[in-house]
Amino acid sequence: MNAIAARVHRLLSELPAGVALEIAAKGRPVEQIRAAVEGGARLIGENYVQEAEKAISAVGRGVEWHFIGHLQTNKVRRAVELFDVIETVDSVELAAEIDGRCARAGKTMPVLIEVNSAREASKSGALPEETVALARQVAAMPRLRLMGLMTMGALSARDDDSRPYFALTRKLFDEIGWLNLPGADMKYLSMGMTDSYRVAVEEGATLVRIGRGIFEG
Ligand SMILES: *Cc1c(COP(=O)(O)O)cnc(C)c1O
């Protein structure tokens with residue numbers, strides 16, 4: 001087995017039951033993404049619509065494609081055609097744009113709300129105190145299905161630095177779940193990357209997004 005496939009295989013066997021692995025594929029050649037799929041990867045995260053177009057046509061639709069980048073309004077139409085899940089909804093305007101495009105395409109889109117849990121000005125995402133209200137609005141949109149929350153955590157090399165932000169996002173995730181919103185099915189708590197996924201899993205992540213740890217070892 002190729003080294004990338006072997007790392008995916010090992011990570012899948014190490015993650016606890018109920019935690020799904022998403023491959024963060026940005027900037028990786030399609031052969032490497034294919035190797036990850038051969039190792040058992042079933043969810044692929046893409047940050048850029050154009051890059052995803054190439055990857056999806058090369059790798060195919062036997063896996064689930066998630067959008068995890070910052071989505072510009074002018075890319076929504078294409079994103080709706082390409083992706084199975086959009087993880088980075090952070091405003092009612094963006095949600096409405098996706099909803100409208102889905103109506104025209106005859107689709108329903110599973111979405112996550114991205115939370116700017118560390119309140120970093122450079123990051124996108126809804127602020128924690130806005131998240132529950134946004135969740136209500138997203139869940140009420142006819143063509144969107146709210147499937148959970150996504151967060152980046154702290155922009156830092158030390159893995160434990162993100163713990164309070166993961167804990168905060170988990171709290172919001174639970175709070176939204178308890179509302180039992182008709183348009184919601186809170187399945188994904190998407191948090192944790194190569195340096196922080198162990199901490200994220202301890203704090204309740206059900207989806208971890210790993211790039212470097214798979215492609216660079
Ligand atoms: C790149 C990226 C990841 C993965 O980060 P690594 O440190 O390479 O594991 C996860 N989520 C998002 C949104 C990313 O852009």
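In helix H6 (residues 128-140), the residues Pro-128, Thr-131, Val-132, Leu-134, Ala-135, Val-138 and Ala-139 are buried, where buried means under 20% relative accessible area, exposed over 50% and partly exposed in between, with a 1.4 Å probe and protein chains only. The model is predicted: local features need pLDDT of at least 70, side-chain atom pairs count only at pLDDT 80 or more, and totals for chains, interfaces and linings use all residues. Residues are numbered from 1 along each chain as its sequence is written, and side-chain values use heavy atoms, with hydrogens and water left out. Helices (H or I, at least four residues) and strands (E, at least two) are DSSP runs, numbered from the N terminus.

H6 has 13 residues and reaches 19 Å from its first C-alpha to its last, close to the expected 18 Å; the expected span is 1.5 Å times one less than the number of residues. At Leu-134, H6 bends by about 30 degrees, the bend being the angle between axes fitted to the seven residues ending there and the seven starting there. The buried residues of H6 pack against strands E4 (85-89), E5, E6 and E7 and against helices H5 (92-105) and H7 (163-178).

Together with E5 and E6, H6 makes a right-handed β-α-β unit. Right-handed here means that, with the strands pointing away from the viewer, the path from the first strand over the helix to the second runs clockwise. Strand E5 (residues 109-115) runs parallel to E6 and is joined to E6 by seven bridges; two strands pair if DSSP finds at least two bridges between them. Met-109 has Leu-144 in E6 as its bridge partner. E6 (residues 144-151) is mostly covered, with seven of its eight residues buried. Four bridges also join E6 to the parallel strand E7 (residues 184-190), and Met-150 stands opposite Ser-190 in E7.

Another parallel pairing, over four bridges, is that of strand E1 (residues 20-24) with E8. Within this pairing, Glu-22 has Arg-209 in E8 as its bridge partner. Both faces of E8 are covered: Leu-207 and Arg-209 are buried on one side, Val-208 and Ile-210 on the other.

The loop between helix H8 (197-202) and strand E8 (207-210) holds Thr-206. A polar atom of the Thr-206 side chain lies 3.0 Å from the backbone oxygen of Lys-187, and one lies 2.8 Å from the backbone nitrogen of Leu-189. Leaving aside neighbours within four places in sequence, Thr-206 is in contact (heavy atoms within 4.5 Å) with residues including Gly-18, Val-19 and Ala-20.

Glu-203 is in the loop between H8 and E8 as well. Glu-203 counts as buried because its relative accessible area is 17%. Its side chain makes a polar contact of 2.8 Å with the side chain of Arg-163; such a contact is a pair of N or O atoms within 3.5 Å, where within protein one must be able to donate a hydrogen and the other to accept it, and residues adjacent in sequence count only if both atoms are side-chain atoms. Glu-203 and Phe-166 are 37 residues apart in sequence and 6.2 Å apart in space, C-alpha to C-alpha.

Two loop residues remain. Most residues other than glycine have a negative phi. Arg-119, in the loop between E5 and H6, has a positive phi near 55 degrees and is partly exposed at 47% relative accessible area. Asn-180, in the loop between H7 and E7, has a positive phi of about 50 degrees and counts as exposed at 65% relative accessibility.
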